[in-house]
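Colleague: Hi! Could you walk me through this one while I have it open?
Modeller: Happy to, let me put it up first.

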Amino acid sequence: MFIWKAAFRFLIEGRSQTLFIAVGIAIGISVLIFLNILITGLQQDLVNTTVGSSPHIVVSSREDPLQSLFPAEENKVVLSRTGGLFDTTRPLNEWDHLIEQLGRRELFTAVSPVAEGSGFLSRGEKNVSVRIRGVDLNRADPIYNIEERMVEGDFMVGKSQVLIGVDLAEELDLAPGDLIRLSNLEGTASSYTIRGIFDLGSQAINASWIFISLDGAQTIYQLSNAITGLELQLEDVFQAEELARRLEQSFPELSWSSWEEENPDLLSALSSQGISSYVIQAFVLLAVALGISSVLAVSVMQKSRQIGILKALGISTAGVSRIFLIQGALLGLLGSLIGSFLGALLLLSFFTFTADEAGMPLFPISFDPLVFIFAIAVATLAGMGAAAIPARRAAKLNTIEVIKNG
Amino acid sequence: MADLLSLVGVNKVYGQKVKTHVLKDINLAFKKQEFSAIIGQSGSGKSTLLNILGTLDRPSSGTVYSNERNLSSLSDDELAVFRNRMMGFIFQFHYLLPEFSALENVLIPHWLGQGNPPPDILKLAKQLLDRVGVSERMNNKSTDLSGGQQQRVAIARALINRPGVILADEPTGNLDSDSAEQVNQLMREINEEFGTTFIIVTHDRHIAARCDRVVEIKDGAIVQDYLTAEREERENWEELAPRYCNLRKGEVEWVNKR
């Protein structure tokens with residue numbers, strides 16, 4: 001097609017002008033990509049630290065109004081982290097069926113049944129309030145990463161074998177193999193062996209959580225075969241809230257709470273961070289578009305003879321417009337391709353210079369190809385949009401004026 | 001035979017507040033294969049007339065016809081298509097596209113009208129360049145060509161779509177006399193070979209004298225419109241007649257002395 005050829009030739013003949021604006025676009029786009037990937041990495045890191053090792057959705061029986069009589073003060077932090085207000089008084093009985101149904105949705109990376117309650121650990125004279133969590137370790141591990149974060153002992157639980165947190169172990173001077181007594185709130189107690197000690201990175205958890213097998217906890221709390229809740233983890237953490245609400249419709253007799261509900265501060269921090277990043281990106285893009293627009297406006301003036309002659313030779317007004325729209329798109333494309341390269345370079349150098357002594361970056365980032373594709377697509381479209389006004393002016397150019405004035 | 005191109009009652013007025021009446025009620029028709037000149041002082045309206053004939057400009061009133069088709073009713077884009085098929089243009093300032101080679105410039109009208117040129121059109125373009133004597137430099141950027149060469153390429157370009165009429169606005173106005181002579185010669189030859197109608201705007205009476213027909217414009221009106229062959233005959237007669245008479249009267253010597 002002639003108009004493509006003309007657009008190419010006009011750009012190529014423009015040489016330094018084309019090069020300058022392409023570099024300008026490239027700088028803008030590299031900032032855009034740099035910012036986008038940096039913020040995304042930062043946010044992912046933040047979310048990961050917060051909810052990477054905890055359930056994204058917690059399922060429990062509908063809250064019993066009587067439970068407010070039972071303020072488990074010492075477990076508050078833990079409770080808000082896990083998001084559930086599990087209690088042994090509101091057991092889920094037909095959970096096999098529920099797990100089967102949830103599993104069929106293929107949305108979850110982990111589905112872990114929990115039987116838990118508050119209790120006391122006593123060792124000699126000392127008596128400490130703890131959270132006794134009965135889990136199937138194989139199912140809970142994808143959520144909590146316990147195995148990777150074992151400090152001592154074995155990664156296993158049983159009916160009378162438990163894992164305790166590192167802070168709790170320190171406080172009571174416990175080690176794997178030691179015997180402890182655990183009792184429920186009514187005071188019924190039995191003996192248990194410590195198999196291992198974990199460090200889940202949170203002081204509140206490390207000081208109070210005790211993992212035991214499901215049937216172990218069921219025995220302590222006299223639940224027979226019931227559980228107190230389900231913990232779910234998703235591929236995309238940001239779908240938790242929406243999914244929780246959807247599932248609530250399907251299972252209204254259960255309470256579905258997402259991490260987003262439990263962490264409103266984090267969420268608002270993330271969103272304001274995201275918004276400011278988008279605002280900056282939008283202004284960068286605007287500057288890029290204005291640059292393209294002004295360069296093409298100049299180009300229309302420079303090429304007015306050519307436009308005049310092409311009109312005399314029978315080009316349509318749309319054809320003239322398209323020559324400039326294509327130039328805008330090509331500038332956007334060329335600039336953003338260089339910009340992608342520069343942006344990647346910028347990110348690499350940023351993380352090289354800010355790396356700690358061990359060479360580890362501040363936080364992990366991923367060079368998501370989608371960010372680059374998106375930036376290139378947006379820049380190309382913006383280039384075309386920016387060309388709209390010059391293209392209109394070119395289309396309106398009066399042939400006679402051009403020819404008369406030589 | 002229908003007129004190839006005709007103007008009926010054409011007026012052109014420029015300006016909103018101060019109106020300049022550039023063309024005043026022009027009626028003019030051109031036949032196929034005519035080789036005509038439009039002459040006049042600068043500011044006489046001859047270029048405006050050519051632009052209206054070439055559908056680059058629209059008359060303020062009056063109608064332009066081509067083979068009895070009313071061109072005034074066509075949209076700008078329809079006129080663009082019409083120009084592309086029916087008309088070739090040669091301008092004073094060459095106006096090749098500097099971004100393209102000579103050969104590409106010749107192909108542009110075909111590109112615009114019918115897309116990528118097939119081999120036969122490519123061959124035609126080369127033949128035309130050969131015909132105008134620029135085939136050796138056909139792959140040069142047009143800016144590398146001399147003024148005369150550029151204008152000859154422009155003639156080849158005007159011919160590529162085999163138009164019925166070629167409009168030329170001072171085609172030799174910017175050329176040295178040798179190049180001008182070549183270009184004039186070439187246009188005349190093409191007129192004869194291809195049967196293409198030429199309408200040439202010029203202020204050069206020598207060029208006009210070599211056209212079949214001369215239309216003279218003054219202050220936006222046609223003041224003379226004659227066929228040069230008839231005119232020559234009449235002038236010859238006007239010159240010869242007094243001599244003949246004087247010879248009879250025995251006053252020849254006086255005439256010769258003068």
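Modeller: Before we start on the chains, contact here means heavy atoms within 4.5 Å. Also, keep in mind that this is a predicted model.

Colleague: Which residues in chain B lose the most area to chain A?
Modeller: Tyr95(B), Glu99(B) and Leu112(B). Together those residues account for 29% of what the chain B side buries.

Colleague: Switching to chain A: how is chain A divided into domains?
Modeller: Domain 1 takes in 2-49 + 268-404, and domain 2 covers 63-252. Over C-alpha atoms, the centres of these two domains of chain A are 53 Å apart.

Colleague: I'm looking at helix 1 of chain A. At what angle does it pack against helix 13 of chain A?
Modeller: Helix 1 (residues 2-13) and helix 13 of chain A pack at about 55°, and their axes are 9 Å apart. The two helices of chain A are therefore oblique to each other.

Colleague: Which residues make that contact?
Modeller: From helix 1 of chain A, they include Trp4(A), Phe8(A) and Leu11(A), while helix 13 of chain A supplies residues including Arg322(A), Ile326(A) and Leu330(A). By class, the contact of helix 1 with helix 13 of chain A has 11 nonpolar, two polar and one charged residues.

Colleague: What about helix 13 and helix 15 of chain A, how do they pack?
Modeller: Helix 13 (residues 317-353) and helix 15 (residues 388-396) of chain A have axes 8 Å apart, at an angle of about 145°. Their crossing is right-handed.

Colleague: Nice. Back to chain B: at what angle do helix 5 and helix 6 of chain B cross?
Modeller: Roughly 15°, with the axes of helix 5 (residues 147-159) and helix 6 (residues 177-194) of chain B coming within 9 Å. Angles under 35 degrees count as roughly parallel, so helix 5 and helix 6 of chain B are described that way.

Colleague: Is the crossing of those chain B helices left-handed or right-handed?
Modeller: Helix 5 and helix 6 of chain B cross in a right-handed way.

Note on methods:
Residues numbered from 1 in each chain as written. Chains lettered and ligands numbered in written order. Predicted model: local features only at pLDDT ≥ 70, side-chain atom pairs only at ≥ 80, totals over all residues. Heavy atoms only, no water. Axes fitted to C-alpha atoms, helices over the stretch in contact; angles between N-to-C directions. Helix = DSSP H or I, 4+ residues; strand = E, 2+ residues; numbered from the N terminus. Parallel < 35°, antiparallel > 145°, perpendicular 65-115°, else oblique. Left-handed = near helix turned anticlockwise from the far one by under 90°. Domains from an automatic or database assignment. Buried area = accessible area lost by both parts, 1.4 Å probe. Nonpolar A, V, L, I, M, F, W, Y, C, P; charged D, E, K, R; others polar.
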